[in-house]
Amino acid sequence: MSSTDMNTAPLVDEEELRYARAQKREKIAKWVLPVVVISFAIFMWDRVVVWNEIPHYILPGPGLVIETLIKDWAMLSSALVVTLKITLAALAVAVIGGVGLAILFTQSRYFEMSFYPFAVILQVTPVVSIAPLIFIYVDNRLAGLLLCAWIVAFFPILSNTTLGLNSTDHNLRDLYKIYGATRWQRLRYLQLPTALPYFLGGLRIAGGLSLIGAVVAEYVAGTGGIGSGLAFRILEAGYRLNIPRMFAALLLIAATGVVIFTAASLLSHLLLHKWHESAIKRES
Amino acid sequence: MTLPTSIPPMGQREKLLEMSSVDKVFNGNVVALKDMNLTVNQGDFISLLGPSGCGKSTALRLISGLMRPTSGHINWEGGQDTGDLGVVFQEPTLMPWATVEQNVWLPFRLRGKSLADVRDEIIWALKMVGLEKFQKSYPRELSGGMKMRVSIARALVTEPRLILMDEPFAALDEITRHKLNNDLLELRDKLKCTVIFVTHSVFESVFLSDRIVVMAARPGRVSSEVTVDAPYPRTEEFRTSANYADLCRKASDALHGAMNEHGERASA
């Protein structure tokens, strides 16, 4: 809001100044604090290992983990590519399947009544318990992995998008009806834009879940197949007591998750910042 | 649809729409509207005034075609198509993801016309409500009154034969409401359009309309009609005139009559 309406010497409001200073501090702290705390945690990790002379096959220090990451980069990076491929493919299929089913659900109540229970059953059954069956019935390992990751990831997209498609303003719905909008026009111009923020919320959850799904499926698929993703490498390193490599692979998985979340958040910001409440910064 | 060049005095206007013995029953037993008869003429500014539950919004929904009467008929002179109607709700009801011009484009867009094709009409409608400079703004950047103006621009962009307004200014502050009342009358004077305006404010109905249809509740029905024979243009001076006060008293009496009618029924 305007600071002063006086055209004499500018008035100084102590409270406003304090508020401005607090804002500035907060802005800096937002970036500095996490960096400082994480650095400190890594430093303490290193110290604990050194002070207690913990052997590297129990707990490797952060330096050794990085060293292993670099040394084994060729193997780990190709494993990362495998896991990433499954994750992203599962996410893509989850988006298509989730949004597609949500649209079908809103087009026909009877369709929703008939098939929603299936979606819930798939969601509440832990993927670890379905995965062995999937690998029995699905010959192709890659398809099996994809299916597992998809089962985990598609539900948040489906339920969020369905909620969004059903959240249209009732007056706008009336207006569309008065103007003689077709079903397709209503979907495209009204329901899909209304559902967008909901969908993007679901996407953020599904991104992380598809990674979890891919990793869990790899564990279940075990060493028998084409498995050379990160989870497989962790299993393999575990058998060989190569703890530093386990940590290095773990680090890559965590980093992948963070990157996926950041990408989804960025996409959300780009699509919503012009109009949606969630993306608008308010004064005061 | 072309609009008339001037509004003839009441009694000489051509018929636009007729509701004859319209009933609406909800859930098989709630009578929302009973035996409503209303003739709307071209150029009429009709207020539907009444307590809540008197069926004024139901009447509007019936006229807009969102609901069908349980019995009775609603007939448009010369038939009706989707461009004949403009609607303004109590909320601005704008699409937050669309700019002002895209919002005003909606009635045309739903008829398959591109934005470029109807740009002139959109600019014309925005000029009518004084918002031509805000074409590219998003609704969230506008004040409550400005959002309402966009909503009005959207309602009149197709030059409809009839504009339905369902308590459009009820959620606005008094000052903004007065301003929009004045502007609405100015618009009506320019466009010679026909308006049905739902309100529960006696003062607003007297200021705006030339016919006030007073409605009573349980069951919703027309109780009486008050003719406001003050000449247009009506300005702020009219708002403070003795004539206005008299007319308000008349409308207020009619409204109380409608409420007592209900009271008698209840006690009987």
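This is a predicted model: local features need pLDDT of at least 70, side-chain atom pairs count only at pLDDT 80 or more; totals for chains, interfaces and linings use all residues.

User: Fine. What ipTM does the predictor give the complex?

Analyst: An ipTM of 0.90, along with a pTM of 0.86.

User: OK, the interface then. How many residues of chain A are in contact with chain B?

Analyst: 17 residues of chain A, which meet 17 residues of chain B. On the chain A side, α7 (170-178) and α8 are the elements that give two or more residues.

User: Which one gives the most?

Analyst: α7(A), with 7 residues. The chain A side that touches chain B splits into 10 nonpolar, 3 polar and 4 charged residues.

User: Switching to the sheet in chain B. What's the strand order?

Analyst: The order is β5-β6-β7-β3-β8-β9 in chain B, an open sheet of 6 strands with mixed pairing.

User: Why is one side of β5 and of β9 left without a neighbour?

Analyst: β5 (85-88) and β9 (221-227) of chain B are at the edges and have a single partner strand each, so one side of each has no neighbour in the sheet. From one strand to the next, the twist averages 20°.

User: How do β3 and β7 of chain B run, parallel or antiparallel?

Analyst: Parallel: 5 bridges join β3 (residues 45-49) to β7 (residues 194-199) in chain B. One pair to look at is S47(B), whose bridge partner in β7(B) is F197(B).

User: Back to chain A. How is it divided?

Analyst: Into domain 1 (13-53) and domain 2 (62-279). The C-alpha centres of these two domains of chain A are 32 Å apart.

User: Which residues of α9 in chain A are buried?

Analyst: In α9 (residues 230-239) of chain A, the buried ones are L230(A), A231(A), F232(A), R233(A), I234(A) and A237(A). The buried residues of α9(A) pack against α3 (73-107), α8 (183-221) and α10 (243-272) of chain A.

User: And what follows α9(A)?

Analyst: L241(A), which has a positive phi, near 55°.

Methods: Residues are numbered from 1 along each chain as its sequence is written. Chains are lettered from A and ligands numbered from 1 in the order in which they are written. A residue is buried if 20 or more other C-beta atoms lie within 10 Å of its own, exposed if 12 or fewer, and partly exposed in between; C-beta atoms are placed from the backbone. Helices (H or I, at least four residues) and strands (E, at least two) are DSSP runs, numbered from the N terminus. Two residues are in contact if their C-beta atoms, placed from the backbone, lie within 7 Å. Domain bounds come from an automatic or database domain assignment. Ala, Val, Leu, Ile, Met, Phe, Trp, Tyr, Cys and Pro count as nonpolar, Asp, Glu, Lys and Arg as charged, and the others, Gly among them, as polar. Two strands pair if DSSP finds at least two bridges between them. Axes are lines fitted to C-alpha atoms, for helices over the stretch in contact, and angles run from 0 to 180 degrees between N-to-C directions.
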